[in-house]
Amino acid sequence: LSMKEIFDDILAMEDVRGVVVFSFEGEILFMEPNLEIEKSLPLFIQALGGIREVDLIFEKSRIYVRRTGTGYLVILLGLFASGAMLMLHVDMALPSLKERGKGKGLRSLFRRNK
């Protein structure tokens, strides 16, 4: 599966504005649609440290962040997106993301699980 296919169900949800996957180092691994992201956003993600999940609510939007095996999944939302449906879709997408991130050959034997 491509990254786009993994997140198709999330992107199809009402009031979902975008999906971004960052590595733990702040590198953008996937972004749909092509958003203009502030250069400080990766620093914000790194500042979350070991947080597993957070739903930030602002005046006119929300940001849902979930730690994954490869980094952080960030979903940009409007206020009317269903939180329960979003979490269900994320829970279903994460195993595919994990499989996609696995190394091949001997590298995978020595990779630490996060």
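What follows is a working chat about a predicted model of a protein.

Trainee: What are the ground rules for this model?
Mentor: It is predicted, so local features need pLDDT of at least 70 and side-chain atom pairs count only at pLDDT 80 or more, while totals for chains, interfaces and linings use all residues. Residues are numbered from 1 along each chain as its sequence is written, and side-chain values use heavy atoms, with hydrogens and water left out.

Trainee: How many helices and strands does the protein have?
Mentor: Four helices and five strands. Helices (H or I, at least four residues) and strands (E, at least two) are DSSP runs, numbered from the N terminus.

Trainee: In what order do the elements run?
Mentor: From the N terminus on, α-β-β-α-β-β-β-α-α.

Trainee: What share of the residues is buried?
Mentor: 35% of the 114 residues. Buried means under 20% relative accessible area, exposed over 50%, and partly exposed in between, with a 1.4 Å probe and protein chains only.

Trainee: And the accessible surface, what does that come to?
Mentor: About 7400 Å², of which 55% belongs to carbon and sulfur atoms. Such areas come from the Shrake-Rupley method with a 1.4 Å probe; for residues, only the protein chains shown count as cover.

Trainee: What fraction of the contacts is between residues 24 or more positions apart?
Mentor: Among contacts with a separation of 6 or more, 45%. Contact means heavy atoms within 4.5 Å.

Trainee: Switching to charges. How many salt bridges are there?
Mentor: The structure holds four. A salt bridge is a side-chain nitrogen of Lys or Arg within 4 Å of a carboxyl oxygen of Asp or Glu.

Trainee: Which residue does Lys 4 pair with?
Mentor: Asp 8, with the closest N and O atoms 3.1 Å apart. Both residues lie in helix α1 (residues 3-11), four residues apart, about one turn of the helix.

Trainee: Where do Glu 53 and Arg 66 come in?
Mentor: Their side chains form a salt bridge at 3.8 Å, N to O. That pair links distant parts of the chain, as Glu 53 is in strand β3 (residues 53-57) and Arg 66 is in strand β4 (residues 62-67), 13 residues apart. Glu 53 is partly exposed at 32%, whereas Arg 66 is buried at 6%.

Trainee: Which residues are in the network of salt bridges?
Mentor: Glu 53, Arg 66 and Asp 91 are linked in it.

Trainee: What about Asp 55 and Arg 62?
Mentor: Their side chains meet in a salt bridge as well, at 3.1 Å, N to O. Asp 55 is partly exposed at 31%, and Arg 62 is buried at 7%.

Trainee: Why is β4 largely enclosed?
Mentor: Five of its six residues are buried, so the rest of the structure largely encloses β4.

Trainee: How do β3 and β4 pair?
Mentor: In the antiparallel sense, over five bridges. Two strands pair if DSSP finds at least two bridges between them. A hairpin of four residues joins β3 to β4, and Ile 57 has Arg 62 as its bridge partner in β4.
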